[in-house]
Amino acid sequence: MAEGGIGYRHLLPAMLLPLAVLAAMRWIWGFDGLYGQDAHEYARFATALQGWMTQGISPGWHAWPIGFTLLGALGGWITGDVILALQLIAALSLAATVPAVSRIIDGLRSPSELSDDRPALRGLWLFLAIAASPALLQAGVLVMSDMTAIAFGCWAIVFQAGFTRRPSTSALIGFAATAVAAVGTRYGMAVLLLLPGLQVAAVALRHRAWTGLGGAVTILAAGVALHTAVKQAEAGDLFQHYSLTLWSVSNWFTRDVSTADGIQHYPLPTLVYVVTALARPSHLPLLLVLPFLRLRDLCGRQALLLSAAGGLYALFLAGIPFQNPRFQLPLHPLAASLLYPAWLRAAGWTHRRLRPLVLTVPVLLLAVQMAQAGRGLTPLIDRNRFERHLADLLRPLGPGLLYTFDVDPALGNRRIPQQMINLWSRRIEDFEPGALILFAPDAMATQWAGRNPMLNWQRAERTHVLEPVADAGRGWRLVRVGPPRPDTAGAGG
């Protein structure tokens with residue numbers, strides 16, 4: 001039994017949903033969770049970690065913390081496939097978030113304050129608001145670290161609430177382990193867990209919980225040591241990430257930004273975008289119960305703490321010079337927990353006013369969410385297939401040099417025979433005759449205007465004859481570098 005009298009059998013449908021969707025995505029549509037550069041880098045680094053653990057081979061540079069990829073490397077030995085292990089970890093993380101949110105709800109208020117709470121209503125809310133959430137469901141089938149960090153973060157809050165109520169060494173150790181794991185999976189979780197961590201520390205000091213504090217410090221030291229062992233000379237690079245070095249309050253009011261990721265134009269200022277994160281169709285259950293929220297729902301000590309933690313995290317996100325909906329996902333389980341009393345009121349109102357439709361409403365809501373999830377997952381499947389198409393196009397061309405951009409991590413994981421040079425990494429003074437270039441000039445023109453990818457392509461067009469090899473589709477051109485143009489031989493620029 002889960003705390004508060006909610007049996008795990010009522011949570012089981014929500015916990016099984018991400019695994020069922022993963023099975024369908026993988027074995028019906030052939031989607032392996034690799035979408036975009038980040039996913040491919042996670043797959044590469046997890047594979048490289050296996051080499052580091054068995055042969056001591058340096059895994060190379062990696063921009064993110066090691067938690068997700070380390071789990072993938074270990075899981076890869078169990079499944080025989082690192083990519084499958086990473087995708088499975090993401091789905092299991094969403095499944096593990098379901099009981100964590102149920103426990104967070106229990107920690108927010110006493111059972112007497114939730115007089116209308118029933119196992120079926122709790123299970124339905126967690127199914128609709130967590131497992132079937134299009135945003136979280138998408139994170140649960142991708143080879144990405146977001147869902148794993150969220151799961152660890154939610155369980156850290158469970159242990160924090162438990163330790164605050166009844167201080168114990170096991171709860172303190174549990175908080176330390178899950179918090180370190182969350183931050184070791186995504187650095188930004190440190191901001192979200194800062195206030196809960198400070199409260200745990202204050203309670204531990206007040207109760208002189210020296211054994212628990214010693215264990216917590218040991219866990220933290222072990223996490224830092226593991227991070228340093230894997231990252232080696234790059235262990236301190238997290239403080240040099242440009243999302244931190246470019247962080248500024250002025251970004252709260254910015255709509256147009258220019259960073260290493262190119263030029264971006266956003267419709268809303270960043271602060272407005274972050275604050276309204278949950279007021280979007282992909283978070284429909286939260287939005288629908290919002291009118292039933294009461295101020296007293298947010299006035300308990302734990303509710304105030306989680307609201308403040310979420311607010312601090314939102315302000316942090318608003319100072320980063322780009323808008324990424326993935327970064328806002330950790331706010332969703334917190335909001336679902338805080339809005340649970342509103343859900344109970346909404347359910348009661350529906351039962352009283354719309355009794356003939358009491359079963360129709362959640363079915364319709366689920367149908368809308370599944371339609372949204374399908375719409376969101378379709379371009380991921382489509383991109384995944386296109387990346388495989390590009391790899392199939394390149395393999396028969398044999399070894400050689402390939403200049404490309406954006407798809408190079410995907411092609412590396414697809415085992416193409418060419419050695420790749422990223423058009424973003426540096427200005428290329430001269431292109432090797434006979435080499436291939438794979439690029440989408442029209443699609444890249446706006447975002448990468450005046451940046452290396454476009455400058456390098458324009459230089460290649462200007463200085464060499466580019467011989468068409470294939471139209472790769474979707475504006476991507478595969479060309480071979482021919483001889484230098486007579487009028488530009490030796491020209492700089």
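**View 1. Trp448 and its ring partner Phe405 in the predicted model.** Trp448 has 7% relative accessibility and therefore counts as buried, the cut-off being under 20%. Phe405, at 5% relative accessibility, counts as buried too. In the pair formed by Phe405 and Trp448, the ring centres are 5.0 Å apart and the planes stand at 80 degrees, so the arrangement is edge-to-face. Phe405 belongs to the loop between β3 and α19, whereas Trp448 belongs to the loop between α20 (441-444) and α21 (452-463), so the pair ties together parts 43 residues apart in sequence.

**View 2. Strand β3 and its parallel neighbours β4 and β5.** Strand β3 covers residues 401-404. Leu401 and Tyr403 point one way from β3, Leu402 and Thr404 point the other way, and all are buried. In a regular strand, side chains alternate between the two faces of the sheet. Over 4 bridges, β3 pairs in the parallel sense with β4 (residues 419-422), where Gln419 stands opposite Leu401. Strand β5 (residues 436-439) also runs parallel to β3, joined by 3 bridges; here Leu402 stands opposite Leu436. Helix α19 (residues 408-413) makes a right-handed β-α-β unit with β3 and β4.

**View 3. The open sheet of 5 strands.** The strand order is β4-β3-β5-β7-β6, with mixed pairing. Strands β4 and β6 (464-473) are the edges, each pairing on one side only. From one strand to the next, the twist averages 25 degrees. Strand β7 (residues 476-484) pairs with β5 in the antiparallel sense over 4 bridges. Val479 in β7 is the bridge partner of Ile437.

**View 4. An aromatic cluster, and an arginine over a tyrosine ring.** Tyr42, Trp64 and Phe68 form one aromatic cluster. Arg280 lies over the face of Tyr273, at 4.2 Å from the ring centre.

Methods: Residues are numbered from 1 along each chain as its sequence is written. This is a predicted model: local features need pLDDT of at least 70, side-chain atom pairs count only at pLDDT 80 or more; totals for chains, interfaces and linings use all residues. Side-chain values use heavy atoms; hydrogens and water are left out. Buried means under 20% relative accessible area, exposed over 50%, partly exposed in between (1.4 Å probe, protein chains only). Helices (H or I, at least four residues) and strands (E, at least two) are DSSP runs, numbered from the N terminus. Two strands pair if DSSP finds at least two bridges between them. A crossover is right-handed if, with the strands pointing away from the viewer, the path from the first strand over the helix to the second runs clockwise. Rings of Phe, Tyr and Trp (its six-membered ring) pair if their centres lie within 6.5 Å; planes under 30 degrees apart count as stacked, over 60 as edge-to-face and the rest as tilted. A charge sits over a ring if NZ of Lys or CZ of Arg is within 6 Å of the ring centre and within 35 degrees of the ring normal. Axes are lines fitted to C-alpha atoms, for helices over the stretch in contact, and angles run from 0 to 180 degrees between N-to-C directions.
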